[in-house]
Amino acid sequence: MITRQRLAAGALALLAAMTAGLGTAGPAAADPDEPAQPSPKVELVLDVSGSMRARDIDGKSRMAAAKQAFNEVLDATPDEVQLGIRTLGANYHGDDRKTGCKDTELLYPVAELDRDKRTEAKTAVATLAPTGWTPIGPTLLKAADDLKDDNTERSRRIVLISDGEDTCQPLDPCEVARKIAAEGIHLTVDTLGLVPDAKTRDQLSCIAEATGGTYTSVRHTDELSGRVKQLVDRAADPVATPVAAKGAAQCTDAPQLKAGVYTDRERFGEHRWYRVDVEPGQELRASVSVGADRAVNQDYGVLLRASTVHGREIVRGSEAGDGRTDVISTGLRYPKPEGDDEEDTDGGEAAAETVCLQVSNSFSAPASVKTTPGLPVELAVDLVDAPDEASDVASFGLGNGWWLLGALILTGFVAGLVWGWVSRWRFAVWRTN
């Protein structure tokens with residue numbers, strides 16, 4: 001038994017060493033000439049409706065738990081983040097629904113926080129007391145306006161904390177969230193439900209899904225403060241900010257894209273076209289994700305197809321599924337070798353090839369579900385150096401990872417031989433004795 005354990009450990013160690021040696025790669029260095037990313041904007045939206053008086057979070061009221069979490073978050077907010085606070089249901093005590101549904105206030109404006117401003121924001125939060133209605137839809141519209149500016153590259157995030165569903169229908173918060181997402185201002189709404197019931201959970205989840213955000217159920221103070229901190233820190237992380245690009249019904253009218261990440265909205269069952277110029281010696285890598293931000297029928301798919309301007313298909317990627325999904329994705333690769341096209345009449349280098357990218361989906365929705373605005377689409381385009389050999393493109397679907405698979409197969413084969421030899425030797429010794 002000891003011999004077997006040593007052999008197994010040795011084989012695993014050999015496998016790990018080969019994997020580590022083959023797979024090491026240093027991190028990419030940051031380009032010092034790149035312009036600094038604009039500071040992200042985050043607005044915390046707090047429900048101060050009457051139900052926040054309930055004492056079911058660690059033996060204290062939901063309002064007290066929220067205040068404690070806000071104080072901790074304000075202390076931990078990174079200096080580069082512009083933070084603001086908006087309330088809903090904090091001021092109106094009456095029963096008039098029309099007035100109650102207008103009860104939203106910018107408690108602290110969106111700005112970078114120094115020591116004095118953090119103290120001011122804490123003081124403002126300390127004055128809050130659970131009061132009135134729950135106008136989530138109107139508040140989201142106001143919060144989106146608070147975060148708008150002329151910088152299209154800026155990251156924007158709303159963190160909504162609520163313990164109940166909206167009381168200001170028919171202005172559906174889910175429809176409001178879809179409208180915000182369709183504006184293309186790169187605004188994400190994350191939602192947190194304090195001790196939520198089923199209806200609250202469904203509504204807050206719908207709001208988050210519509211904008212690419214997340215939903216979290218919270219039942220303890222440390223969970224609330226930790227999650228809000230995490231979301232604020234996430235806004236400060238440098239990410240590729242998607243750029244709005246409206247696809248066309250045919251390639252000749254399609255927008256010209258360069259390397260980057262793009263967002264669009266696509267109707268159910270629609271085809272949209274985009275164009276990318278690929279130079280000789282480059283490889284086009286493209287991927288697309290279509291989100292199901294509302295209820296959809298089972299059986300759906302997404303297609304990403306690359307073709308020439310004359311309609312000849314080059315390559316395609318597709319994915320299909322059934323059942324519940326939040327997003328479905330696919331991708332493709334197209335290498336254009338050097339000298340693939342004829343040189344121009346002046347004897348110069350071969351011209352770039354215009355590749356038409358077609359994004360299609362086969363989603364459908366029940367009759368009760370609104371189909372506007374369209375489904376959110378994220379299209380990623382990258383142009384890299386093409387492989388030297390055409391065989392490097394696929395390599396049986398493994399890309400440049402074929403050699404790692406080969407090493408693993410060889411290691412397993414050698415380990416099997418050693419194991420078999422030792423087993424035969426042990427059996428021979430046993431028979432002899």
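This is a predicted model: local features need pLDDT of at least 70, side-chain atom pairs count only at pLDDT 80 or more; totals for chains, interfaces and linings use all residues.

Q: Which residues of helix 6 are buried, and what covers them?

A: The buried ones are Pro 173, Cys 174, Val 176, Ala 177, Arg 178 and Ile 180. Their cover includes helix 5 (136-147), strand 5, helix 7 (198-210) and strand 9 (260-266).

Q: Which unit does helix 6 make with strand 4 and strand 5, and what is its hand?

A: Strand 4, helix 6 and strand 5 together form a β-α-β unit, and that unit is right-handed.

Q: OK, on to strand 4. Which strands does it pair with?

A: Strand 1 (residues 41-47) pairs with strand 4 in the parallel sense over 6 bridges, and Lys 41 is found opposite Arg 156. Strand 5 (residues 187-194) also runs parallel to strand 4, joined to it by 7 bridges, with Ser 162 opposite Gly 193.

Q: Why is strand 4 described as largely enclosed?

A: Because 7 of the 7 residues in strand 4 (residues 156-162) are buried, the strand is largely enclosed by the rest of the structure.

Q: Which way do its side chains point?

A: In a regular strand, side chains alternate between the two faces of the sheet. Here Arg 156, Ile 158, Leu 160 and Ser 162 point one way, while Arg 157, Val 159 and Ile 161 point the other way, and all of them are buried.

Q: Changing topic, which residues touch the most other members of the largest nonpolar core?

A: That core has 35 residues, and those touching the most other members are Leu 44, Leu 46, Ile 161, Leu 224 and Val 228. Elements giving two or more residues to it include strand 1, strand 4, strand 5 and helix 8 (221-236), while the largest share, 7 residues, comes from helix 2.

Q: What is Leu 46 in contact with, leaving aside its neighbours within four places in sequence?

A: Its contacts are Met 52, Met 63, Ala 66, Phe 70, Arg 86, Thr 87, Leu 88, Leu 128 and Ile 161.

Q: Which residues does the second core include?

A: This separate core has 28 residues, among them Tyr 262, Tyr 300, Leu 379 and Val 381.

Methods
Residues are numbered from 1 along each chain as its sequence is written. Side-chain values use heavy atoms; hydrogens and water are left out. Buried means under 20% relative accessible area, exposed over 50%, partly exposed in between (1.4 Å probe, protein chains only). Helices (H or I, at least four residues) and strands (E, at least two) are DSSP runs, numbered from the N terminus. Two strands pair if DSSP finds at least two bridges between them. A crossover is right-handed if, with the strands pointing away from the viewer, the path from the first strand over the helix to the second runs clockwise. A nonpolar core is a set of buried Ala, Val, Leu, Ile, Met, Phe, Trp, Tyr and Cys residues joined through side-chain atoms within 4.5 Å. Contact means heavy atoms within 4.5 Å.
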